[in-house]
Amino acid sequence: MAADIDLLIRGGSVVDGTGAPARTADIAISDGHIVAIGKVEAAATRVIDADGAMVTPGFVDVHTHYDGQATWDERLQPSAQHGVTTVVMSNCGVGFAPVRRDHHEQLIELMEGVEDIPGAALHEGLAWDWESFPEYLDALERRPHDIDFGTQVPHGALRLFVMGERGANRLPATAEEIAEMGRLAAEAIEAGALGFTTSRTLNHRTSRGEPTPTLTASRDELVGIAAAIGRTGAGVLQVISDFPDFDDEWTTLRAMMRTSDRPLSVSLSQVAHSPTAYRTLLDLVSAANDEGLTMRAQVGSRAIGVLVGLTSSVNPVQPCPSYQAISHLPLDARVQRMAEPRTRSAILAELIGDPRSLATRLHRLYVLGDPPNYEPGPEDSVGSAAARAGRADAPHETLYDLLLAGGGTNLLYLPIFNYVDGNLDAVAEMLAHPHTIPGLGDGGAHVGAICDGSFPTTLIAHWGRDRTRGPRFEVPWLVRRQTHDTAEALGLHDRGVLAAGFKADLNVIDMDHLGLGLPRMVYDLPAGGKRLVQGATGYLHTIVAGTEIYRDGAATGQLPGRLVRGPQQPKEQA
Ligand SMILES: [Zn+2]
């Protein structure tokens, strides 16, 4: 007898993405969609026994930078290993289309500088068989992927395309140039871009150290582009800003939302120089929603920091001349030399002598541990480890030994944003706010020192089960944040919920074993470029459009992921 359905996920504890409590149910899937949930008797081609496991919608990560990787790699790791079945890329105003032939180098320098993706890898990896944004979408679509991915039109590329050098040099756009950027942005949205993104932060610089082209774009320019997008009736707006003048910036953002009637999201984290400013912005987001605007803040699910070590781009001994003399050596030879007493004392003396060294912040630099602990306490700092080892007066020695651990692969954790208080209480507050969505993991970016594409695993495991240093959240609510709420924010109404008619993107999770693997450096980018990767445990099955892509952490080789063009609606039920 022929099977009635393609796949039956039987007897799982279904956490459906709406925030409703878990319920035991079967899920029937056919033609890439969910066809029934409840007690299902139909015959299936394949059955997954989910008894004792949690079944959730696939995670939707709205803030990634896979723009380069998606052109050369079928696997959007590390996201795909963390239950993510849809990523949205081209955030923060950087990306690779539209582009003129003679601007390839500049877009690479912008991406390399802003997002720490090796320029050599981008040079070798990008085929540049596109010019317009619609052509870029066609190029992306030619290659199948493990998970779905959506794009946005980046303001940096748009500015360079329309204004040339004047755009790169941050000169004001003329009325004609604003109109042309608006026209091209609308064209991109109509071809399937999910939004428009821009950066107004001094933290974003090209690899030459120049500020990002969009840093000082005028209100007229931003509002003009937003208005053109508004006329398409689709697309979201994404902004990262330093808010140098709070009221002035808010006037600009409000005008963008008002003229376009499109949703806008801003990046939000806690910063050391103004540890409570995030509350001011949260209040402003609430006020915007109160006046009928759709505004959200994107927030991290843990601190945003760097991983520090000999293999990382952030290496405390890198500035030391005695280290530089051996830094060309392969890792194992380097570690051997560093263990020799003479080299050791020379590097240590230089380390201690450098007042700007990372080694002056040993109470803020943490041993990551295995499994990695992203909410470390004071007792986990390198300084505390030194004190315990009776080396309180020589903590650099402890740092040095930690760098050499694991054959030189050991990584230490330096939280930068969201960890001013030495814990994640600020993150709890941001996550709990009604107008935030989880984001900022930057999957595919900052690959030399950050691996935050694993945020979704932290969100569910740490905040739902592991956290001991403060309140936790209910798992169904956390799941909703990373599924329904993120999908809805980008207009992807066909996913993020387990219900008939929705896309069959799901995770079957062993909640008892859900957790993070250790981040590690691999050298598999084009041109031998390095990137951090991080696995996870507990994802028993990850399914995209009814096809299993990961089983127990291993890729199945199936590539059902597709480019998502424009907003989506669930399938009508027959
Ligand atoms: Zn970003």
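At 32% relative accessibility, arginine 166 counts as partly exposed, where partly exposed lies between buried (under 20% relative accessible area) and exposed (over 50%), using a 1.4 Å probe and protein chains only. This is a predicted model in which local features need pLDDT of at least 70 and side-chain atom pairs count only at pLDDT 80 or more, while totals for chains, interfaces and linings use all residues. Residues are numbered from 1 along each chain as its sequence is written, and side-chain values use heavy atoms, with hydrogens and water left out.

**Salt bridges overall**
- The structure holds 36 salt bridges, each defined as a side-chain nitrogen of Lys or Arg within 4 Å of a carboxyl oxygen of Asp or Glu.
- One network of salt bridges links Asp148, Asp494, Arg495, Lys503 and Asp505.

**Arginine 166 and glutamate 177**
- Arginine 166 meets glutamate 177 in a salt bridge with an N to O distance of 2.6 Å.
- Because glutamate 177 lies in helix 7 (residues 175–191) and arginine 166 in helix 6 (residues 165–168), the pair ties together parts that are eleven residues apart in sequence; helices here are DSSP runs of H or I with at least four residues, and strands are runs of E with at least two, numbered from the N terminus.
- Glutamate 177 counts as buried, at 12% relative accessibility.

**Arginine 142 and aspartate 129**
- The side chains of arginine 142 and aspartate 129 form a salt bridge at 3.2 Å, N to O.
- Arginine 142 is exposed at 55% relative accessible area, whereas aspartate 129 is partly exposed at 44%.

**Aspartate 354 and arginine 356**
- In the salt bridge between aspartate 354 and arginine 356, the closest N and O atoms are 3.9 Å apart.
- Aspartate 354 counts as buried at 17% relative accessibility, while arginine 356 counts as exposed at 73%.
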